[in-house]
Structures are given as structure tokens and as C-alpha cells.
Amino acid sequence: MNRREFLAKLMRYGLSAGALSALPVERLFAQEFYPQITIPVIDAHAHVPGDPYLMHAEDMPKYTIEAIRNAKLCATTMAVIGDNKNLVGADSTYIYAKESIALVRQWEAQRLVKIIRRPGDIPLQPNMTGPIPVILAIEGGDAIGTELGRLNEFYRLGVRMITIVHGRAGEGGSGDNQIGNDMRRHSSDDPNDAGLTDFGYQVVRRMNQLGMIVDVSHASTQPLLDVASCTRAPIVDSHTSMLPPDIIVRDHGRQRLYSDVEAIVDTGGVVCTYPYKDEVYGRLTLEDWVEEINLLKLHFGIRYIGLG
């Protein structure tokens, strides 16, 4: 069973998962106080169907607009690529991000999708016939370059979330950028991790002003803590996996410490987990993943836990 099949089963059995912090508070609290009532099921992190930079060739025929609809989600993220690990050349990340955004906007004009521009655009139930509600995102703050004005431009085009750092496994390089560092390259106690850059602080402030969600997925621990300390709005880790709660130091990799989660939760934000296989800590099956979600719920409350 893959992630989308799991999300579809959640919907089928009347279960739900916490969504992005941009949702109205009443919806996020619904499951905790009224467990018989579902709240919207949203995939907090997904890519643009057909993006060759982010998909294996064998997966591309499976991940389509129709496949998203069949998952019976109330909304899904579509994250366009914006990192310098995949694209080379002056302004290539900015250009490619805009081309991918234009594609999603073209789908909107064709009534295949509806770009979410405000929380009220997210339906309480899946739309099985009309346009698919899409939260437009950029994965990788490299597309911003060093020009804050690009954030205004992206916002006008419909972008409502940016993953400020994005590194990739097995690429032999780093996702470190002009905003902060990549958790795949820096452990939680790395003395060389300087945290959020001066420009990074400006990015967070501008995103707060615009009403864009700051996504700290892939960011190393120190930039995450810096974002959490300076943000004036809830932040999100849109797709991550957890280390056991008794682990207090993280090696470089994609698994979060509970102390990282606590910093996000303290902003009122949401941490979204996905089924990452981990043989070291015994996270091997979807049942193990569900147990991890239950443990997060016990520590932080269901309103702060999502799926991505």
C-alpha cells in the first residue's frame, strides 16, 4: 500500500488527519472534541504530476490528476521544484519554478484544478467531479534567489507555501542555500551550522506579511529553531519522519527530533509525517507508521499532526 492508498483508506473509514495550520481553528479541533466528525483530509506535500525532476520514470504514469482525485482528498499540495540540486544555470530555479507554476495555472484555466488562495477555498468534503483543490507550493527557496520581490510575485501567482531549504538524497551535494542549511548535510549539534542567514530572516518576515506558510521540511535543526523563534505565524514541516522520543541528538538525515517538533508546535504549527522505512528504529510497516502518529498525538495533540 502506498501513501495515497493509505490516505484514501483514511477517508473510506471516516478517519482524518490534521491539516495545514492555515485551516480554521475549529476544523483542526474537530477531531479532538468531536471524534465522530471528520475534518478535511489534505496531503501536505505532493509534487506536480509529470515533473521529470522529482519522479522515477516508472512512477509517472501512476501519478496523474485522476489518481489524485481517486485518493478522495479534500485538497492536495502541488510543490513545484525550486532547488539548485536539480537545476544548473543562472536563475534556472526561478525560471523553472515559474514555468511549473504556469502549468498548474493552465490546469486551473482548464478547470482541472482550483488553486487555494485562502483557507475558505478548502472544502470540507472531497470534490469527486469538479476541479481538484490545490495548495500551490515551491520546494526549495533557491528560486527566491536574493530578491525578496520574488516572494510578492510568487504570491500573486497563487503560491501559498515555500519549503525554504530542499536537499536530495544520493546526489553527492548539499541543499544548503542562501536561507539556511540542509538537514541531510548537518547534524543537530553541527558547530558549522550557522542557522538562518540574515537574508533568511528577511524571507520569513516577508512570508509572514504576505500570508505564505513557511515550510521547514529539509531544513537542519538550527535554521528550524531560528525560524520558530522569529516567525509571527505558525510554521509547517510538510513531510518528515520521526526519531524515537528518547533520541536527543540527530545525525545528518531526514528524521526529526521530538525537540524539533516541539519548536514547530510552539508556533501553533503542524508537523506532517510520511511512511519512511527505517530498519534501525523498527519503522518497517504502515502499522509502525500509525503507531508513530499515535505517539506524536500523545505528546503534542492531534491538532498539530498531519500527513505529507
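The model is predicted: local features need pLDDT of at least 70, side-chain atom pairs count only at pLDDT 80 or more, and totals for chains, interfaces and linings use all residues. Residues are numbered from 1 along each chain as its sequence is written, and side-chain values use heavy atoms, with hydrogens and water left out.

Of the 308 residues in the protein, 57% are buried, where buried means under 20% relative accessible area, exposed over 50% and partly exposed in between (1.4 Å probe, protein chains only). Where residues at least 6 apart in sequence are in contact, 66% of these contacts join residues at least 24 apart; contact means heavy atoms within 4.5 Å.

Helix α7 spans residues 221–230, and its buried residues are T221, P223, L224, D226, V227 and A228. The elements that cover them include α6 (198–210), β6 (213–215), β8 (255–256) and α8 (258–266). Within α7, V227 is buried, with a relative accessible area of 0%. Leaving aside neighbours within four places in sequence, V227 is in contact with I164, L196, V204, V214, V216 and I235.

The axes of α7 and α8 are 9 Å apart, and the helices pack at an angle of about 20°. That makes α7 roughly parallel to α8. Axes are lines fitted to C-alpha atoms, for helices over the stretch in contact, and angles run from 0 to 180 degrees between N-to-C directions; those under 35 degrees count as roughly parallel, over 145 as roughly antiparallel, 65 to 115 as roughly perpendicular and the rest as oblique. The crossing of α7 and α8 is left-handed, a term used if the near helix is turned anticlockwise from the far one by less than a right angle, with right-handed used if clockwise. T221, L224, L225 and A228 of α7 make this contact with D260, A263 and I264 of α8. By class, the residues of the contact are five nonpolar, one polar and one charged (Ala, Val, Leu, Ile, Met, Phe, Trp, Tyr, Cys and Pro count as nonpolar, Asp, Glu, Lys and Arg as charged, and the others, Gly among them, as polar).

In α8, the buried residues are Y258, D260, V261, A263, I264 and V265. They pack against α7, β7 (236–242), β8, β9 (270–273) and α9 (286–300). The axes of α8 and α9 come within 12 Å and cross at roughly 55°. That makes α8 oblique to α9, and their crossing is right-handed. Here Y258, V261, E262 and V265 of α8 meet L295, L296, H299 and F300 of α9; six of the residues in this contact are nonpolar, one is polar and one is charged. Just after α8, G268 adopts a positive phi of about 90°.

Y274 is buried, with a relative accessible area of 17%, whereas Y276 is partly exposed, at 33%.

Terms used
Helix = DSSP H or I, 4+ residues; strand = E, 2+ residues; numbered from the N terminus.
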